[in-house]
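Dear colleague,

Please find below the structure that I am handing over to you. My notes on it follow directly after.

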Amino acid sequence: LVVLCEGHFLVLSYNKISSIQTAFPSSLQVLDISTNKISTLIGKGFHALRNLVHLDVSNNALTTLEGLEYCQSLQTINASYNSIQFVDGLTSLHNKLLEIDISYNQIESMQNLRSLCMCSSLQTLHVRGNPVSFDRSMRHLILHMLPNVRLLDGNKQAPSPRTRASP
């Protein structure tokens, strides 16, 4: 077990953790539980994390992001390389979430990304490597659905006419 905990940071990556059974300290601002075997974020582990700003759950076995509703300060989420099919469980982050990486998952259609519409502050989105990313209209639909996104799969985007203030 490799644990690095220094004040507001906790790193538990590469530990073969399969579930989160105990609550994390409420003071955490950065949590890295990447490269484990975690299949769900639902449970006691995230209940006290109201100050969490950055979460890395990449390279796990997640099928959803449900369970993050208590993490109301989250600004960045790295959930790449999982088995996520639907992006849900983020409604409490609607005005805080700035960046999410959900690349290399199992998201098959734009419908499965609809809940991101609630995230009005979202500026950076990574979806490459998902089945939906092979849809030629995906980029246009995402930018229409999320007009504040400025970086999509690493490519800068022009400001949407929907985000410009009217004269």
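Tyrosine 81 is placed in the loop between β5 and β6, where strands are DSSP runs of E with at least two residues and helices are DSSP runs of H or I with at least four, both numbered from the N terminus. Although tyrosine 81 is not a glycine, its phi is positive, at about 55°. Its relative accessible area is 43%, so tyrosine 81 counts as partly exposed; with a 1.4 Å probe and protein chains only, buried means under 20%, exposed over 50%, and partly exposed in between.

Please note that this is a predicted model, in which local features need pLDDT of at least 70 and side-chain atom pairs count only at pLDDT 80 or more, while totals for chains, interfaces and linings use all residues. Residues are numbered from 1 along each chain as its sequence is written, and side-chain values use heavy atoms, with hydrogens and water left out.

Asparagine 59 also has a positive phi of about 55° without being a glycine. Asparagine 59 sits in the loop between β4 and β5 (76-78) and is partly exposed, because its relative accessible area is 34%. Asparagine 59 is one of the residues that serine 34 touches, including also Leu12, Tyr14 and Asp56; contact means heavy atoms within 4.5 Å, and residues up to four places away in sequence are not counted. Serine 34 itself belongs to the loop between β3 (30-32) and β4 (54-56), and it counts as buried because its relative accessibility is 6%.

Beyond four places in sequence, leucine 90 touches Leu65, Leu68, Ile77, Leu97, Ile100, Leu116 and Cys119.

The count of disulfides is zero, a disulfide being a pair of cysteine sulfur atoms within 2.5 Å. Cysteine 71 is in no disulfide, and the nearest cysteine sulfur, that of cysteine 119, is 13 Å away. Cysteine 71 is buried at a relative accessible area of 0%, and cysteine 119 is buried at 2%.

Yours sincerely
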